[in-house]
Amino acid sequence: MALDVELVKKDFAILDQLVHGHRIVYLDSASSSQKPAAVLDAMQHLYETTYANVHRGVYAIAEESTRLYEEARTKVAAFLGAASTREVIFTKNVTEAINLVAYTWGRTNLGPGDAVLLTEMEHHANLVPWLQLKAERGIELRYLGVDGEGQLILDDLEQLVDGVKLVGLTLVSNVLGTLNPVAEVARVAHAAGALVLVDGAQYTPHFTTRVAELGCDFYGFTAHKMLGPTGIGCLWARESLLEEMPIFLGGGEMIRDVRLDGFTANELPWKFEAGTPPIAEAVGLGAAVDYLLAIGMADVRAHEIELTRYALESLHERHGDDIRIFGPSDPEKRGGVLSFAYKDIHPHDISQVLDEVGVCVRAGHHCAKPLMRRLGVGATARASFYLYNDEADVDALSSALTSADRLFS
Amino acid sequence: MPGLEDLYREIILDHYRNPRNRGELPTPPAVRVEGFNPLCGDEIVVFLDVADDRVQDLRIGGQGCSISQSSASMMSAAVKGKTVAEARATIRAFKSLMSIHEQRLDGADDDGGASGGASGAGGGGGGPAVPEAAVKLGDLEALQGVVRFPVRIKCATLSWNTLAQGLDEAQEASATSPS
Ligand SMILES: Cc1ncc(COP(=O)(O)O)c(C=O)c1O
C-alpha cells in the first residue's frame, strides 16, 4: 500500500500555511523534520493529565508519568530491534550519544597511539569528539575516503582497519545521501578486533532499523529528524559493553546509592541518564515511533526512493548541466538528501531566492566541512525529503531554480 | 515583507558579476588577511598595501555569495587611495549602516578590532580621526536592504571585518619595521 501524502500532510498543521504568499514547501527534513499532531498531542496530553517527575514519586500521576517514560523506551527498543530496554539510553540527541561513547568507552580504552577509523563524510558530531581525544591523548585518526560518486572507498579497508580499536561511520550521509555498507564494514572491523559505532541520524527516520543485522556495537539516532521533538536522542549499545563502561554524567537518577565518601552507579539503562530526563520528549518520541510504524517503514522508504528518483530525473531534465547533484545517482543506493550546485550561483543566494516562493532548503556546509573540502566546494544547497513531501514540492523547487537563474545571470 | 529587490539591487548584482579589484598583491609589502563566515563557509582574502598612512592598493580574493562578494568589491572601490583614518571611518559608517541588527544578533560586539581601533582618538595612529558623518558611502548605500534580512548581515560585513584586521596588521607591521 503506497503512502498517501495528501492524508499524511493533514497531520502536519505547519505545512498548511503560506510563506511570503506561497504554499510552504518544506525541503529541510534532513536538518530537522516537522512534527505530526499525534506527537504534539501526546506531549500535550502528558502535561495536561499525568505529568510529574519520573522514578521518584509513589503517587498516581508520578507512577503514570514513569510508566509512560519507560513505555517510550520499550517502543524505541522494539523500533531498533534491541535485545532489551537495558540497551536503550536516552540522550539529548545523537551528538550526545556519540560523546557519551567517546567520554566513557573512549577514555577507558583509547590512549596514545590507539587508532580510530572514521570516514571523510562524517558529520562534525562524529568527528569532533574523536578529534578531542586526538588532541587530549594523542590517539591516531584514520579516514576512509569518498569517491566521485560519493561512495566510501573500501579498497584499503583491511589495511586501514588493522590495529584500529573503533570504526565510526554514518549510515546515510547528510550531504551526499550515500547509504553506506555498514554491515560489510562491520564484518571486516570485527575480524580485526575493532568495535563499530554507527551514526544513524539520517537512517532511522527513513528505514527499518535492525541493530543486530547492521552488526554494529554502538548506534545513535536523534528524535527531531524522525518526527519527534528536539531534546531527545538515543544511544543503543550491546548490554555487555554498556556494563563495562564507566558512567558518563553524574547526578541524580544514575545512582543506586550515594554516601559522603562515594557512590554506586544505578543499573542499566539509568546508569547513563543523570538528572531529570526529557520526559515529555520521550513520550513524544514514542508517539513518533507509533506514527511511523502505523504508516510502515517500508512505505516510508519506498516513498523516499520514488520521490528521489523523480527529483533526480526532473531536475536533470529541466536544468541539464546547470545543476550538479552530489552523491550516488541510483535512488536505491541513497537517502532522500540532495545536495546540489546550480550554475555558479552561491547556495546562500539560491536559498534566499527559493525562500521568496516558500521553498525551504538548507544552504551551507551542513556540519561536514572536511567533506566540503573533498568535494571542492565551500557550501552546497540541500533539499531533503520526508513522508509529507510530494512531486509538487520538487516541481516548486525546480521552478524556483529557474527564477534564481534569471536573477543572477 | 521585504522583497528580493530590496536585497538584490542592480548595483549589487553588477559588483557581483564584475567584481572590482579582484586578485592578489605581493606580500610583503602588502599584508594578507583572511576572513571566514563559519555559518556558510564563505571566505574573503584581503591583500592590503598601506604606506604613508594611506591605502595605496588592495585586492580581494576568496569566494562567497553575491552579498559578500559585492560588498567586498564596493568596499575595495571605496577605500582604495584613502588614508587609513578615512578607511576606518568608512568601516564605521558602513557598520552603522548595518549596525542595528548586527549588535542585536551578536550581543557583544565581535568587531573589536575595527571599532576599537577606530574609536580611539587618532584612529590608532592612522592620522586624525575622521567623523563617520563625513563619510559618503555612495554605492554602498545599496546594501542597506540587507538589514532586513538579518542572516545576511554577516555576509555583508565579512570583508569589512577582514579589512579592519588588515589595517591593524599593516599598522603594526609599519610600527615595528625598521625605517
Ligand atoms: C549524519 C548526522 N549526524 C549527526 C547529526 C547531529 O544531530 P543532532 O544535532 O541532533 O545531535 C546530524 C544532524 O544534524 C546528522 O545529519
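**Entry 1. Helix pair.** I began with the handedness of one helix pair: helix H11 of chain A passes H14(A) in a right-handed crossing (the near helix is turned clockwise from the far one by less than a right angle). I worked on a predicted model, in which local features need pLDDT of at least 70, side-chain atom pairs count only at pLDDT 80 or more, and totals for chains, interfaces and linings use all residues. Residues are numbered from 1 along each chain as its sequence is written, and chains are lettered from A and ligands numbered from 1 in the order in which they are written.

I noted an angle of about 25° between H11(A) and H14(A) (residues 391–408), with the axes 10 Å apart; axes are lines fitted to C-alpha atoms, for helices over the stretch in contact, and angles run from 0 to 180 degrees between N-to-C directions. The two helices H11(A) and H14(A) are therefore roughly parallel (angles under 35 degrees).

**Entry 2. Residues of the pair.** I listed the contacts (C-beta atoms, placed from the backbone, within 7 Å): A:Leu307, A:Tyr310, A:Ala311, A:Ser314, A:Leu315, A:Arg318 and A:His319 of H11(A) meet A:Glu391, A:Val394, A:Ser398 and A:Leu401 of H14(A). By class, I recorded six nonpolar, three polar and two charged residues in this contact (Asp, Glu, Lys and Arg count as charged; Ala, Val, Leu, Ile, Met, Phe, Trp, Tyr, Cys and Pro as nonpolar; the others, Gly among them, as polar).

**Entry 3. Domains.** I looked up the assignment for chain A, which gives domain 1 (5–28 + 296–408) and domain 2 (50–293); the bounds come from an automatic or database domain assignment. I found 22 residues from domain 1 of chain A and 22 residues from domain 2 of chain A in their contact.

Key. Two residues are in contact if their C-beta atoms, placed from the backbone, lie within 7 Å. Helices (H or I, at least four residues) and strands (E, at least two) are DSSP runs, numbered from the N terminus. Angles under 35 degrees count as roughly parallel, over 145 as roughly antiparallel, 65 to 115 as roughly perpendicular and the rest as oblique.
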